[in-house]
Amino acid sequence: MKLRPLVIALALLAPAGAAVPAAEAAGGSYTATIRRTEYGIPHITAGDYGGLGFGYGYAFAQDNLCTLASWVVTLRGERSRYFGPKAESDDPVKPVVNLASDVYYKSVADSGVVRRLLARPAPVGPSDELRRLVDGYVAGYNRYLADTGVANLPDPTCRGKAWVGPITATDMWHNLLDFTRMVSSTALKEAITGIAGPEDEGPPGDRPPQPKPAAGSNAWALGRQATRGGGGMVLADPHFPWQGIRRFYQVQLTIPGVLDVSGGSLYGTPVVQIGHNARVAWTHTVSHAQRFTVYRLALADGHSYMVDGRAEPMGEQEVEVTLPDGAVSAHTLLTSRYGPVLAVGRTDEAAYALADANAANLRAADEWLAMARAGSVDELRAAQRTHQGMPFVHTLATDVSGTAYFADASVVPHVSDASAKRCAKPSPVPGLDAYVLDGSTSACLWGRDGDAVVPGIFGPGNQPKLIRADYVANSNNTYWMTNPAKPLTGYPKAYGETGTDLEPRPRVGLDMIARRLSGTDGLGAPGFTLETLQATVHGKRNLTFELMRDDLLKMCRTDSRADVREACRTLGKWDGRATLDGEGAILWREIFTRLGHAAWRVPFDPARPLTTPRGLKNDPAVRQALADAVLFFRTNGIPLTLTPGQAQSYSSIPIPGCTEGEGCFDRVRMRGPLSADGRYPEVDTGSSFMMAVELTPGGPRTRTVLTYSLSANPASPHHTDQTALFSRGGWVTERFTAEEIAADPRLTTVTVRGGVDAGK
């Protein structure tokens, strides 16, 4: 089978490297102890990094082997073989048809980028500690699979399936690389490959890239001036997918005297991304910074382009994907000095190449490992300066001294404001969110900072950062309003704009902090305690309703339509909170969805970012939106008092919260509108691993909840147990010390051992 050739190639092309086997462990074997406390939460202890990885891989496989096994098929470019080329891939962020997925991942694997990075010393290549962790993790996963057998796996999702088998260290390195590319190359598979779904018609160059889903996370780092106890506190509330490989797994990883970290670890990674140790806590939110640029290539002919007046040939890579019947789908890929040539926007005169700052970034995992060993904010900052691998996130952290820290220490292509202006070219297609630069001159190459660990990215000296004694906060707004008392400005625009609308969710988060610090939120004396932090973040406020309520009800009083007046009475009784029993919450959502942001009475004013926009226009379009929403309810027999608990769920468990656009700190997303039966599609994104931690001289006090629970296995007792807890607003009291763990009446303990052969 011969399909349309691609006109792209990934950068760093080279002959494919062989699978990387597990390295020799001390004594030729691994040993780890797995203790599980309530909700099945594993606490892994070992004497070295290899053993720690082994215990972690074994425990993770017990809970989630099928999810990782499916993802390994994806990373190897074999989904078409097992599931068909037209079926949708298992990418939880931006699924594509399997053929597009396979072509992309085959080209990454064949490029040799991982092999070359593994040949580099740290910090560009992985540290010895991380290599041992990965090797051990692979060996632990494979040991569990060998002990259990594919035919006897407890999860029916993959029990007995031909696509389940041992994994390799190479698979895990590719997973780590793919995560760093999540909002750059990996999010642009269709634009790179030119292969779109069956619903998309026309040549690939006519199809614009699909916009990435709105990112959503909340993060606070509270300093000594904001807390009642004088130490630091962190709220972690990442809003990652509720399905697939980008879920968090809750774990504690301990090597006595070396490492002791607890928190959320993304599936298939051997490190904690969001968490704490005894003295430091940290979290992340997705930042607005650029991750890639697009270069316009002035074509000399079909396979070469001009740079500095000379023609350069495009490189070629042949990619073959195996189909279910054994036939091969062959694709020719082209690349430039900048990176892969995109399949969109090409004309007879020009083509466009993708330059991804995370194309060869394995540094993130080592950075998280070093952060986990930090004893203070200063040491955490040193870890970030050393590795410079944060792929696309802000970092917010604090320590036991109550120092609050924010930085966009992420990987950003070095494009100065002057260079962006001087080199700017029009975007090839609508929706391609990146700088487009002139590729015909080397003067438009990315710049270099002397303190950058690799060329072409901004170094730490150029990164937005803020250290405070009160707080830093972010809800996916730019760095500008990290703390309104000290607005951040003057950084390269590649990190995001300043003076722009905060959007309702970041505004409500900053307002929640301000009310707690002034004691005007009804939760008692000013300042945060662990208990008031928990209560604050579960407030479920809907900011757009708060800001539009008075104008809406005033407009309602002059409306003569009976159905509209009844809807207004429902909204007048609602307290504006998206609780499970919030009568009016769904009605408001449907009204606001039809209104959009153009309905603000007072527009945004950059001089008043915390109080504008506000109010609701009283005009025909607003009245029509209200009438249309009410008509939808009446036509379908849906009660106007429909609640979140009735309309939205996950695995049949009601889920509170409201949507991004409404200005809800407790953000949920469903991929589809309200149906005629008064139900939304299942919640697929929202609060995922929530952590509220207070750092004290006596040790951390922590509350957590893993919203979708620990196991993706529907037969597991830990498939929805924490989901039910989250539904009713509960938290898990974390057990961090050995004494706390031993005191759990539900404690189970097992020691696992295995040889290095399990990891090959």
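The model is predicted, so local features need pLDDT of at least 70 and side-chain atom pairs count only at pLDDT 80 or more, while totals for chains, interfaces and linings use all residues. Residues are numbered from 1 along each chain as its sequence is written, and side-chain values use heavy atoms, with hydrogens and water left out.

I begin with the helices. Helices are DSSP runs of H or I with at least four residues, strands are runs of E with at least two, and both are numbered from the N terminus. Helix 3, residues 98–111, packs against helix 6, residues 169–180, at an angle of about 115°, and the axes lie 12 Å apart. The axes are lines fitted to C-alpha atoms over the stretch in contact, with angles between N-to-C directions running from 0 to 180 degrees. The crossing of helix 3 past helix 6 is right-handed, that is, the near helix is turned clockwise from the far one by less than a right angle.

Which residues meet there? From helix 3 they are Y104, Y105, V108 and A109, and from helix 6 they are H174, L177 and D178; contact means heavy atoms within 4.5 Å. These residues divide into 5 nonpolar, 1 polar and 1 charged. Here Ala, Val, Leu, Ile, Met, Phe, Trp, Tyr, Cys and Pro count as nonpolar, Asp, Glu, Lys and Arg as charged, and the others, Gly among them, as polar.

Next, the loop between helix 5 (128–148) and helix 6 holds K161. K161 is partly exposed, at 37% relative accessibility; buried means under 20% relative accessible area, exposed over 50%, and partly exposed in between, with a 1.4 Å probe and protein chains only.

I turn to salt bridges, defined by a side-chain nitrogen of Lys or Arg within 4 Å of a carboxyl oxygen of Asp or Glu. The count comes to 33. In helix 5, R143 and D147 are 4 residues apart, which means about one helical turn between them, and their side chains form a salt bridge at 2.9 Å, N to O. R143 is partly exposed at 29%, as is D147 at 45%.

In helix 11 (residues 504–518), D511 and R515 are likewise 4 residues apart, and their salt bridge spans 2.8 Å, N to O.

Finally, R516 pairs with D521, the closest N and O atoms being 2.8 Å apart. Is R516 buried or exposed? R516 is buried, at 0% relative accessibility, whereas D521 is partly exposed at 25%. Elsewhere, salt bridges that share partners join E38, R735, D744 and R746 into one network.
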